[in-house]
Protein chains: 2
Amino acid sequence: MAKANLLVAQSGGPTAVINSTLAGVIHAAYRHGGAIDRVYGAVGAVEGILAESFVDLTNLPADFLDRLRVTPGAALTSARYKLQPGDVARLLDVFARRNVRYFCYIGGNDSMGTVAQLDRAAGDTGAALHVIGAPKTVDNDLAHTDHCPGYGSAARFIAMMIRDTGLDSAAGFRSTPVKIVEIMGRHTGWLTASAALARAGRPDAAPHLIYLPERPLTVERFLDDVARVHEAHGYVVVAVSEGVRHPDGEYLFTTSRAHDAFGHRQLGGVSVMLAHEVQSELGLKARFEKSDTLQRAFAHCASTVDRAEAFMVGQEAVRRAVAGESGVMVTLVRESDAPYRCATGAVDAAAVAGEEKRLPEACIAPNGVDVTAAFLDYARPLIGEALPPYAYLPV
Amino acid sequence: MAKANLLVAQSGGPTAVINSTLAGVIHAAYRHGGAIDRVYGAVGAVEGILAESFVDLTNLPADFLDRLRVTPGAALTSARYKLQPGDVARLLDVFARRNVRYFCYIGGNDSMGTVAQLDRAAGDTGAALHVIGAPKTVDNDLAHTDHCPGYGSAARFIAMMIRDTGLDSAAGFRSTPVKIVEIMGRHTGWLTASAALARAGRPDAAPHLIYLPERPLTVERFLDDVARVHEAHGYVVVAVSEGVRHPDGEYLFTTSRAHDAFGHRQLGGVSVMLAHEVQSELGLKARFEKSDTLQRAFAHCASTVDRAEAFMVGQEAVRRAVAGESGVMVTLVRESDAPYRCATGAVDAAAVAGEEKRLPEACIAPNGVDVTAAFLDYARPLIGEALPPYAYLPV
């Protein structure tokens, strides 16, 4: 079979390790020189393919790839573009004209829908295309994979953030006893739950309350919880999902009086609102932390496990494409918790596209404001090395 | 002279390295066993001394001190307590009863006022007390010292945060082209200026606009700036001080319509307000980052230079106390920029107490929204090792 070209693209929100997957794709493509001629990157995901905005990645030096592995953001730039009628045919046309037989698409839910559509259309038209999805999302909400590249690094940062700002609160509890830390993940609690990985070494360690989108919450319940923890420990560190909802189904932050007065949703989110409620209703000084895209982008705290797996997933996508597979997403398959071992597998991309994997009930503590040991066992290996041990004085 | 006890306390907001200074004090105290009997820590700064809430630090193992050096927060806990009439006499009384002849006070501006008052009162009453201040503040606003322990680590985190979230914005510019990053430092721009240390490797690197409290700002000027940068680069990353003010002297965030509608200052600060203005006035999607105490607490990004200097300052405070000095604050004295070399000195604590060192004019670019090479030369050595090199594709 004559050689053909490989195209790679990155879609959706960047992560700390999505470029590691890109580097894995490029690295593997170089090693399949018998099948692959040129390696192209699409600038701006599907929009870039439609515009034939390609960058040639065929001859990147090894040290460039080493640096790419640790660079956050998405080196090819991404886009959130919804496929329009006719787009699939136009994509196949671009692939044919540019002799692209292998397409690796790094992305989340929507991207896997695109993988499935392209594969189906290629089959229908007899086009020679092998399209493989490589998962990425800090939200960790893709079905049929143990976890998603990007999650472990964001979880690691969140655990570090909660631990260190928690110690800040423990030190300054006399003046500002309450801290509300807002965490990404609008629909699923995987990231918010990872705050629990911060706890170590002291019985009153943060976080004290974890509010997941899987559990409805009222401001009254929240204030009761905060008052109780304040009574017990003298300070309160709250990890709250940006997507936590009122029992009536509305996002909690839209139910505040502040929101009513202001008339729209741009108040800064649930942490601002809850800090305000603590101050006005409990008379306790409260601060909020809203590290926004930092949670998905902060490469300095990337999990070495996550970074290595992201690379592996990229390599595996190429291996499967060259082997003639198509329409699948590479998965991570956990083989063992202790010692942690993970291999790759594959699943029909169409099966991933429509689903959203929420935090299982077995991961949520009965009190609804904490996680279980099962979650900690699941998540701990994903964040890489143990957090450094700290020293606490008996104060 | 008979041996006496040493007391150490931590005041004000914690930093990533204030415990390194504490470890330096303890370490040096152990090495002055000829003069020092017990080593006590006051739990909760001046309040703790008045309540005689002491923890004995005399026999801590070496590995505990090693861990203390890297632990954020303030291990003794801090407090913001304003001295009341009679407090100084009561403090001297506690010192006399507990045979405390050496007092090391780790803190900022206000704490240096306490050092000066105690020294004066001890002189007036003939009390045998040697009180030495050890500087700490992420704000870097103490006079008569080249810089303050705590600043370098916060500046390093801020540079890393801007660089990584900047790449996130560069990757996602098609959907969300504007990011507003709010930075600590209500009165001085040292921390906000450190955002400029993020730039490296690409001509369009973030941050694009830096708003310092030393320069007044209107929303109109801000929107003009954002529109101009968006036109040039396609995305805009703004570093804005939480304390930036309107030309009329009010904090900028209190001048928004949002604030008027809501009727108080708890909206989440200037970044929320500016992101809202960008969306409503320019029609560009904007996000904001408000990492709050994380900026001062995040030990995982601490500057090795800062941590070592913090330790050195603690040791020096003990050395000077035992040598009979009193009423001074230890200073950092820069001896050379390249290679960076810094020694310790001392200054009258009273001279530090009343002053606030703002960012000098020579550090602010003529356009008012950037820093100068002089600032970069000043700040770069303080953040420790160079940030890791990244890889950029020509997209």
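## The model

This is a predicted model: local features need pLDDT of at least 70, side-chain atom pairs count only at pLDDT 80 or more, and totals for chains, interfaces and linings use all residues. Residues are numbered from 1 along each chain as its sequence is written, while chains are lettered from A and ligands numbered from 1 in the order in which they are written.

## Two copies

## The contact

Chain A brings 62 residues to the contact, and chain B brings 62 residues. Here, contact means that C-beta atoms, placed from the backbone, lie within 7 Å. On the side of chain A that touches chain B, α6(A) gives the most, with eight residues. Helices are DSSP runs of H or I, at least four residues; strands are runs of E, at least two; both are numbered from the N terminus.

100% of the interface residues of chain A are also interface residues in chain B, so the copies meet through the same surface.

How many residues of β8(A) (236-241) are buried? Six of its six are. Buried means 20 or more other C-beta atoms within 10 Å of the residue's own, with C-beta atoms placed from the backbone. V236(A), V238(A) and V240(A) point one way, and V237(A), A239(A) and S241(A) the other.

Strand β6(A) (178-183) runs parallel to β8(A), joined by six bridges. Pairing needs at least two DSSP bridges. K179(A) has V237(A) as its bridge partner.

Definitions and conventions. Contact = placed C-beta atoms within 7 Å. Buried ≥ 20, exposed ≤ 12 C-beta atoms within 10 Å, placed from the backbone.
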